[in-house]
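Subject: Handover of the model and notes on it

Dear colleague,

Please find the model below, followed by notes on what was found in it. I would be grateful if you could read the two side by side.

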Amino acid sequence: MMSATTVAAPALVLRAGQEEEVDRYEAVKQYSARQIAALWAAAAVPMSILGWIVAPSLSHHLGTSEPLGTALLICFNAGLLWILVLTLVMVRLEQGALGWAHLRDALWLRAPQDPKTGRVGGKVWWWLVPFVLLSTALELLPINPAGPLPRDFPSFIADGGARVDRFYQGAWGVFALSVLVVFLAPVVEELFFRGLLLPRMQNVCGRYDWIVNGTIFTAYHLHEPWAMPTTLLTGIFGQAYPAKRFRSIWISIVCHAAPSFLMIGIFLSLVLK
């Protein structure tokens, strides 16, 4: 028993060490410029069509106080679900399976890894704090032009007054659509842009792949172009950069999703008025 234990323990330690030191780029297949452009279009074009063509048409068949607002929520949820399916299809084609081990490596869902020491997780998670603070500061910069209401959803919620109250009061269906979109957006967009695209852009974009990634993420927002100035800053520095630096998208997801919790609280207060 003693000898078996003595032999087994070092083997476990060695395997753990090997997992921490693996090059996470080895688990993914690099894309060509044409593939990157095609995947960007496959995400951006449907969202634009849903937002600018389908939603106005659908709004004529809805009976809420803000039919266009309801239609936009439905369409954006549909678009985000499409992007999630697209991401999973691409992983399935590359990896041959969609088990957790394949998704974890293909979409950089391992714990963040310190680029200098190779340490995985643990104290590396403390980097969440400065990046969340940075993202929050960038979000608060008054650099976005005002968009049309209710399309400019944050402005609609902040400035709508009685109009917003009528839309949400007692409307649990609208609440559910709103909660779904504010959680799907950060998670799905990070899985696609930082999990799928960013690790596969190195051969084409080199050391500046994170800047290019944040830029094409901004261009994806054709369905809400008034948000592009802030999106460019947060997309590059609050999401693409930490994903690149730590070879993990968890910090990016948290930074992107943090405002969602505040939004849900606001939605709930409006419904319960």
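Before the helix pairs are described, a word on geometry: axes here are lines fitted to C-alpha atoms, for helices over the stretch in contact, and angles run from 0 to 180 degrees between N-to-C directions. Helices (H or I, at least four residues) and strands (E, at least two) are DSSP runs, numbered from the N terminus. This is a predicted model, in which local features need pLDDT of at least 70 and side-chain atom pairs count only at pLDDT 80 or more, while totals for chains, interfaces and linings use all residues. Residues are numbered from 1 along each chain as its sequence is written, and side-chain values use heavy atoms, with hydrogens and water left out.

Overall architecture

The protein chain contains 12 helices and 0 strands, and its C-alpha trace spans about 75 × 40 × 35 Å along the principal axes. Of its 273 residues, 44% count as buried, where buried means under 20% relative accessible area, exposed over 50%, and partly exposed in between (1.4 Å probe, protein chains only). Taking contact to mean heavy atoms within 4.5 Å, residues 24 or more positions apart account for 73% of the contacts in the protein chain with a separation of 6 or more.

Helix packing around α8

The axes of α8 (residues 172–197) and α12 (residues 250–271) come within 10 Å and cross at roughly 175 degrees. That makes α8 roughly antiparallel to α12, on a scale in which angles under 35 degrees count as roughly parallel, over 145 as roughly antiparallel, 65 to 115 as roughly perpendicular and the rest as oblique. The residues that meet include Trp172, Phe175, Val179, Phe183, Glu189 and Arg194 in α8, and Ile253, His256, Phe261, Ile264 and Phe267 in α12. By class, this contact of α8 with α12 has 16 nonpolar, 4 polar and 3 charged residues; Ala, Val, Leu, Ile, Met, Phe, Trp, Tyr, Cys and Pro count as nonpolar, Asp, Glu, Lys and Arg as charged, and the others, Gly among them, as polar.

Helix α2 (residues 33–59) also packs with α8, at an angle of about 175 degrees and with the axes 12 Å apart, which makes α2 roughly antiparallel to α8. Here Leu39, Trp40 and Ala43 in α2 meet Phe192, Phe193, Leu196 and Leu197 in α8, and the contact of α2 with α8 has 7 nonpolar, no polar and no charged residues.

Nonpolar cores

A nonpolar core is a set of buried Ala, Val, Leu, Ile, Met, Phe, Trp, Tyr and Cys residues joined through side-chain atoms within 4.5 Å. The largest has 60 residues, of which Leu80, Ile157, Tyr168, Phe192, Leu197, Tyr220 and Phe267 touch the most other members. Helix α8 gives the most to this core, with 13 residues. A second, separate core of 6 residues includes Val124, Leu128, Phe131 and Ile251.

Leaving aside neighbours within four places in sequence, Phe267 is in contact with Phe153, Ile157, Tyr168, Phe175, Ser178, Val179 and Val182. Asn77, which lies in helix α3 (residues 67–95), is buried, with a relative accessible area of 5%. With the sequence neighbours within four places again left out, Asn77 is in contact with Leu177, Leu180, Val181 and Leu184.

Backbone and cysteine details

A cis peptide bond, with omega about 5 degrees, joins Leu149 and Pro150, and Pro150 is placed in the loop between α5 (128–139) and α6 (153–159). Trp108, although not a glycine, has a positive phi of about 55 degrees; Trp108 sits in the loop between α4 (100–106) and α5 and is buried, with a relative accessible area of 1%. Arg247, likewise a residue other than glycine, has a positive phi near 50 degrees; Arg247 belongs to the loop between α11 (228–246) and α12 and is partly exposed, with a relative accessible area of 24%.

Lastly, a search of the whole structure finds 0 disulfides, a disulfide being a pair of cysteine sulfur atoms within 2.5 Å. Cys205 counts as buried at 19% relative accessibility, and Cys255 counts as buried at 6%.

With best regards
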